[in-house]
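Have the structure open as you read.

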Amino acid sequence: MPDNNVKKITAAIDYIEGRLTQPLDLDGVAEAVHYSKYYLHRTFSKLVGMTIHDYIQRRRLTEAAKLLVFSAQPILEVALLAGYESQQAFTSVFTAMYKLPPNQFRENERFYPLQLKFEFGGSYHMLRSREPLEWEVSFAGEADIPCWMELVRLVVDGFPHLEEESYVRTLRERIATGQALILKDGAAAVGILLFSRESGSIDFMGTHPLYRGKGIPRALLDKVMGELLREQEISITTFRAGDRADTGHRREIVELGFAEAELLVEFGYPTQRFVLPREDGHV
């Protein structure tokens, strides 16, 4: 992972974030950061996990959702600020992503983000190593909460309806009861997993985008199935098939070997439960 790529993508994100209410497209962003648009598209998609277009759309909708809950601006004004030419067009996209039309989302008075500003921090020493990566999974402690939450904000696109205040309360409870696992590279959290000893459910599993393809989810699941929940069924919930808000998390769950189970509605959001079959008591 060349540092120059991260710097270029960071520059592109900073440019986008400063102009969310203005016209934005790949050509303009590439010109602003002095990058080939083809290379920028490829590098941005690889490091962030979504295209520039999708990132811009999700960030604008997140800021629109914030205005709906915390301001009295008319929905048409919110739509225009989000880059839509009509309230109808805005309502269609907002409803597809948030599962509620803007007026109902406002009435609920419960904001949650589709996408937060993408920020890369840390040195990521292990990515520069020429040796095979060996992951050491450990139980998270209270001191890990700040780096844990930094990673949560990076992968929030995969977890509908995540509200930080209630999430941190749950995290503290799981840390206190030995139900929170973490993988770190120096001071940075690069893999995290919350689980329930009682139900066998994986309630949150996230991998740092720069460490995709490095075997982190497998290492976390091996720890859970091999040592902590040997007799229980392991399950996880994620997006339903065809959900436009899914940036690839459902596919990742399937690739880990999880099998489809029942459809659910959690916090008013349509999801699906997946179960991980056991083979000789292990993943």
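**Notes on the predicted model**

1. Start with helix 10, residues 216-228: at 1.5 Å a residue its 13 residues should span 18 Å, and the end C-alpha atoms lie 17 Å apart, which agrees. The expected span here is 1.5 Å times one less than the number of residues. Helices (H or I, at least four residues) and strands (E, at least two) are DSSP runs, numbered from the N terminus. On the bookkeeping side, this is a predicted model, with local features needing pLDDT of at least 70 and side-chain atom pairs pLDDT 80 or more, while totals for chains, interfaces and linings use all residues. Residues are numbered from 1 along each chain as its sequence is written, and side-chain values use heavy atoms, leaving out hydrogens and water.

2. Which residues of helix 10 are buried? They are Ile 216, Ala 219, Leu 220, Leu 221, Lys 223, Val 224, Met 225, Gly 226 and Leu 228. (Buried is under 20% relative accessible area, exposed over 50%, partly exposed in between, with a 1.4 Å probe and protein chains only.) Their cover includes strand 2 (180-185), strand 4 (201-207) and strand 5 (234-239), among others.

3. Now helix 1 (residues 3-17) and helix 4 (residues 52-70): their axes come within 11 Å and cross at roughly 40 degrees. The axes are lines fitted to C-alpha atoms over the stretch in contact, with angles from 0 to 180 degrees between N-to-C directions.

4. Where they meet, Ile 13, Ile 16 and Glu 17 of helix 1 touch Ile 52, Tyr 55, Ile 56 and Arg 59 of helix 4, contact being heavy atoms within 4.5 Å.

5. Leu 162 sits in the loop between helix 8 (145-154) and helix 9 (164-176). At 10% relative accessibility, Leu 162 counts as buried. Leaving aside residues up to four places away in sequence, Leu 162 touches Tyr 112, Pro 113, Val 152, Val 156, Tyr 167 and Phe 204.

6. Two backbone spots deserve a look. Most residues other than glycine have a negative phi. Lys 99, in the loop between helix 6 (87-98) and helix 7 (102-108), has a positive phi near 70 degrees. Glu 109, in the loop between helix 7 and strand 1, has a positive phi of about 60 degrees. Lys 99 is partly exposed at 25%, and Glu 109 is exposed at 61%.
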